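Trainee: I would like to go through the terms used for this model. Please set each one against its cut-off.

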Amino acid sequence: AKWADAKTVMTSLNPSIPKTGLVFIESTPYGIGNMFYQLWVAAKDGKNEYVPLFFAWYDEPEYSLDKVRRGNDVYDASPTKAQAYYVERHGLSQGQVNWLHSKTDTDFGGDFDQFLQEYPFDDVSCFLSSGAPYFDIGAIRRLDLELRGAPPECVRGTFDLDGKFYEDAYGDIELWDVPDVEEKVAYRYVIGADACEGGNAITPVDDGQKRSGEGDWNFAIVWDKVLGKQVGQVRNKLDPDRFASQLYWLEVMFGNGLDRSYWPLLIVERNNPGQAVLMEVKRLFTKGRIPFSRLYHQGDMTKDFEPTNKDLGFRTQADGEAPRLVILADVQRRIREGRSGVQSLVLLDQCLTFVKNKRMRPEAQEGRYDDGVMALAVTLEGVRRDLPVWEIPKPVRRSALVERMLRDKNKKRKDNVYA
């Protein structure tokens, strides 16, 4: 990975290898985009003949110390805040913690990032340790530990053709909370979505690795503005019209239709497949008589008039990269401040592999996805643009005397007007 011109060297070496020969390439990761990284990703993707093998340092029995020694002091080390994530995530023993602590101080001058580069824990974070992550990795790791240590209760399922939700362990919809009919809170929910090209009727298995020629996924997030966190998620590769149906049924599930303020604001990124999704959503809104003020579009969002097709959706590329950079910066700030509200480990993994490329443009690490990151960014933009939540007061039952007095007062007012 540190060769000055690895591509040229490998181009010269490869023709000299006999057919019966074996080639072993061993290296520390040393960042994203170099030739070793490209070979590794291609091997995991099945695009070359190399077999990817990752060996974590903690699998080596010798990497353990009974005690840490500093002069005359002998003690058991405690992990630093940065190290605690890995200690808990990978279940390190006290001896391994001692070795990690001693190695970091002795060989790397206390620089834990340098330790991660030379002694990685997994084949994803090892590349990031010397790359340029866009989000605060420490904040993501802390939330990851929190979610894995005490997973929030979740129901997985899907919608049938009539919009009825049923539980299914392999469903593409996850719900962490559902509306309470007794809680009458206006403008409470926002649904944000990033659409893909579709083409798979059955949700494929996802291991986080993006294969050659494979596009992103549909990703939708339901956000509760009262709780300040994600309460629902959809992830699949359905065709645009079917994904639009799922968004519509989520709209129905999280809104009761008694008043326009109960309906969630639905905001969809207007990329190429997003246009097809928006057209179908618009048709379903018309059919279901949902006010168009709850479907994000350019123009006056306070009116329920039907928007034109060209005004539908949120444009991340409306003025160059500006809108995209602005909404991603909001996600970046929320993660750093510990108020991202993310409940999904899939989404957290995407945040972990969302990086700045050589031109400093934020995007998914090569061979990874960013559909969830963009869905989160669009959702939070919807939260920012939507009306503030407010509790709808319960109707007050008036006495018969008060009702009669009000009628008489209104009658006198009308008589005075026409007198």
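**Terms against values**

Mentor: Thr379 has 0% relative accessibility, so it counts as buried. Buried means under 20% relative accessible area, exposed over 50%, and partly exposed in between, with a 1.4 Å probe and protein chains only. The model is predicted: local features need pLDDT of at least 70, side-chain atom pairs count only at pLDDT 80 or more, and totals for chains, interfaces and linings use all residues. Residues are numbered from 1 along each chain as its sequence is written, and side-chain values use heavy atoms, with hydrogens and water left out.

Trainee: In which helix does Thr379 lie?

Mentor: Thr379 lies in helix α12, residues 371-385. Helices (H or I, at least four residues) and strands (E, at least two) are DSSP runs, numbered from the N terminus.

Trainee: Which residues does Thr379 touch?

Mentor: Leaving out residues up to four places away in sequence, Thr379 touches Val190, Gly192, Ile221, Trp223 and Ile267. Contact means heavy atoms within 4.5 Å.

Trainee: What makes β7 and β10 a pair?

Mentor: Two strands pair if DSSP finds at least two bridges between them. Strand β7 (residues 189-194) has 4 bridges to β10, and the two run parallel. Therefore they meet the criterion. Gly192 stands opposite Ile267 in β10, and Val190 stands opposite Leu265.

Trainee: How many bridges join β7 to β8?

Mentor: 6 bridges join β7 to strand β8 (residues 218-224). These strands run antiparallel. Gly192 has Ile221 as its bridge partner in β8.

Trainee: Why is β7 called largely enclosed?

Mentor: 6 of its 6 residues are buried, so β7 is largely enclosed by the rest of the structure. In a regular strand the side chains alternate between the two faces of the sheet. In β7, Tyr189, Ile191 and Ala193 are buried on one side, and Val190, Gly192 and Asp194 on the other.

Trainee: Which residues cover the two faces of β10?

Mentor: Strand β10 spans residues 265-268. Leu265 and Ile267 are buried on one side, Leu266 and Val268 on the other.

Trainee: Why is the contact of Asp386 with Arg294 called a salt bridge?

Mentor: A salt bridge is a side-chain nitrogen of Lys or Arg within 4 Å of a carboxyl oxygen of Asp or Glu. The closest N and O atoms of Asp386 and Arg294 are 3.0 Å apart, so the pair qualifies. The pair links distant parts of the chain, 92 residues apart. Asp386 is in the loop between α12 and β13 (390-391), and Arg294 in the loop between α9 (272-288) and α10 (322-336).

Trainee: Are those two residues buried or exposed?

Mentor: Asp386 has 10% relative accessibility, so it is buried. Arg294 is buried too, at 3%. Lys225, Arg294 and Asp386 are linked in a network of salt bridges.

Trainee: What separates Arg385 from Glu381 in helix α12?

Mentor: They are 4 residues apart, so about one helical turn separates them. Their closest N and O atoms are 2.6 Å apart, and they form a salt bridge. Arg385 is partly exposed at 42%, whereas Glu381 is buried at 5%.

Trainee: How do you know that Glu363 and Arg361 are partly exposed?

Mentor: Glu363 has a relative accessible area of 25%. Arg361 is at 26%.

Trainee: How many salt bridges does a search of the whole structure find?

Mentor: The search finds 18.
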